[in-house]
Amino acid sequence: MEVHNASAHFNFSLPPGFGKRSTDLALSIILVFMLLLIMLSLGCTMEFSKIKAHLWKPKGLAVALVAQYGIMPLSAFALGKVFKLYNIEALAILICGCSPGGNLSNVFSLAMKGDMNLSIVMTTCSTFIALGMMPLLLYIYSRGIYDGDLKDKIPYGGILISLVMILIPCTIGIILKTKRPQYVPYIMKGGMIITLLLSVAVTVLSVINVGNSIMYVMTPRLLYTSSLMPFIGFLMGYLLSVLFCLDARSRRTISMETGFQNIQLCSTILNVTFTPEVIGPLFFFPLLYMIFQLAEAFLIIVIFRCYKKIKTPKEKTRIIYTVAKTEEAIPEALGNGIHKGESSPSTA
């Protein structure tokens, strides 16, 4: 289990009892509950017929999978070369680039007024395909960086559990929308309020658990890498969907799905593969990446919402102006018609 060209073992240790404290357990329980609640709420925005349409005509799905499994691993590998990272650093970033999807992409696709049916189908398919694609991609890109066999480190059971946690609450949400649509507004509103409150709890617990350990990973090269990688994903995912002539909602969805990576999956692989003495503060790189992907996604949403606010009044003005012209034209046309109708007998 050697990493070539690593400068040295890190003189670094995780916070005492890390991962086994009561705050860690509380954080895990809250995150699972949040995931189930979010997936239930998102399921209430979906329809079986539209999901079926995406599966029967999988153009959007195919573009998304190419973006997730083509652009992100290649970007991670290229950034490691461009910034001349130590191989242990390049490997941590590569593992992050090969961990597609995650549930944050679904939430931000909703905020971007994307196609939620496509978003959930993408997350489900990319998570399932990860069972085979992650070992293949890590084998291809990690050659010359890592001597060990990374395929044994991939948490296949965890991936399957995450699939179940996506599919079951989403299916319940879709059934509720179909059978009991009157409850959907309450579920959506209640889910949003509870999720916001739980987000505050997650933030507080994360700060308590990690402390100032994340500061060790904030080196200039890793800051550049972790800020550029999600930006490349958001941008290239959008451009690729434009290239294949997808509609605006699908473009925004694929952009979010490409830029967001599965941080929990990446952290698990790093934790299983390396001891703290070998990987050092890079154990917290996924958290650093998450901070940048959230910040950049929020910025994109703000820009998008501002653009929609500016654009919508102009469109409304144009519609009102067109209606007004039509309303003025109708009496005039009717008047002309009556006038012609009256004058014709006299002429006769």
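**Exercise 1.** Is Arg 221 buried, partly exposed or exposed, and what is its relative accessible area?

*Solution.* Start with the ground rules. This is a predicted model, in which local features need pLDDT of at least 70 and side-chain atom pairs count only at pLDDT 80 or more, while totals for chains, interfaces and linings use all residues. Residues are numbered from 1 along each chain as its sequence is written, and side-chain values use heavy atoms, with hydrogens and water left out.

Step 1. Take the classes: buried means under 20% relative accessible area, exposed means over 50%, and partly exposed lies in between (1.4 Å probe, protein chains only).

Step 2. Apply them. Arg 221 has a relative accessible area of 28%, so Arg 221 is partly exposed.

**Exercise 2.** Find the salt-bridge partner of Arg 221 and state where each residue of the pair lies.

*Solution.* Step 1. A salt bridge is a side-chain nitrogen of Lys or Arg within 4 Å of a carboxyl oxygen of Asp or Glu. Glu 89 meets this condition with Arg 221, since their closest N and O atoms are 3.4 Å apart.

Step 1. Helices are DSSP runs (H or I, at least four residues), and strands (E) have at least two; both are numbered from the N terminus. Glu 89 belongs to helix 4 (residues 87-97) and Arg 221 to helix 9, so the pair ties together parts 132 residues apart in sequence.

Step 2. Check the burial of the partner. Glu 89 has 8% relative accessibility and therefore counts as buried.

**Exercise 3.** How many salt bridges does the structure hold, and which residues are linked in a network of them?

*Solution.* Step 1. The structure holds 3 salt bridges.

Step 1. Glu 47 pairs with Lys 50, with their closest N and O atoms 3.9 Å apart. Glu 47 also pairs with Lys 177, at 3.6 Å from N to O.

Step 2. Glu 47 sits in the loop between helix 1 (22-43) and helix 2 (48-56), and Lys 177 sits in helix 7 (residues 156-179), so this pair ties together parts 130 residues apart in sequence.

Step 3. Glu 47, Lys 50 and Lys 177 are thus linked in a network of salt bridges. Glu 47 is partly exposed at 30%, Lys 50 is partly exposed at 40%, and Lys 177 is partly exposed at 27%.

**Exercise 4.** Describe how helix 9 and helix 10 cross, and name the residues in contact.

*Solution.* Step 1. Axes are lines fitted to C-alpha atoms, for helices over the stretch in contact, and angles run from 0 to 180 degrees between N-to-C directions. The axes of helix 9 and helix 10 (residues 248-259) come within 7 Å and cross at roughly 145 degrees.

Step 1. Contact means heavy atoms within 4.5 Å. Helix 9 contributes Pro 230, Gly 233, Phe 234, Gly 237, Tyr 238, Ser 241 and Val 242, and helix 10 contributes Arg 251, Arg 252, Ile 254, Ser 255, Met 256, Thr 258 and Gly 259.

Step 2. The crossing is right-handed. A crossing is left-handed if the near helix is turned anticlockwise from the far one by less than a right angle, and right-handed if clockwise.

**Exercise 5.** Which residues does Tyr 289 touch, not counting residues up to four places away in sequence?

*Solution.* Step 1. Tyr 289 is found in helix 13 (residues 285-347) and counts as buried, at 0% relative accessibility.

Step 1. Tyr 289 touches Met 72, Cys 96, Ser 226, Met 229, Pro 230, Gly 259, Gln 261 and Ile 263.

Step 2. Take one of these, Met 229: its C-alpha atom is 8.3 Å from that of Tyr 289, and the two residues are 60 apart along the chain.
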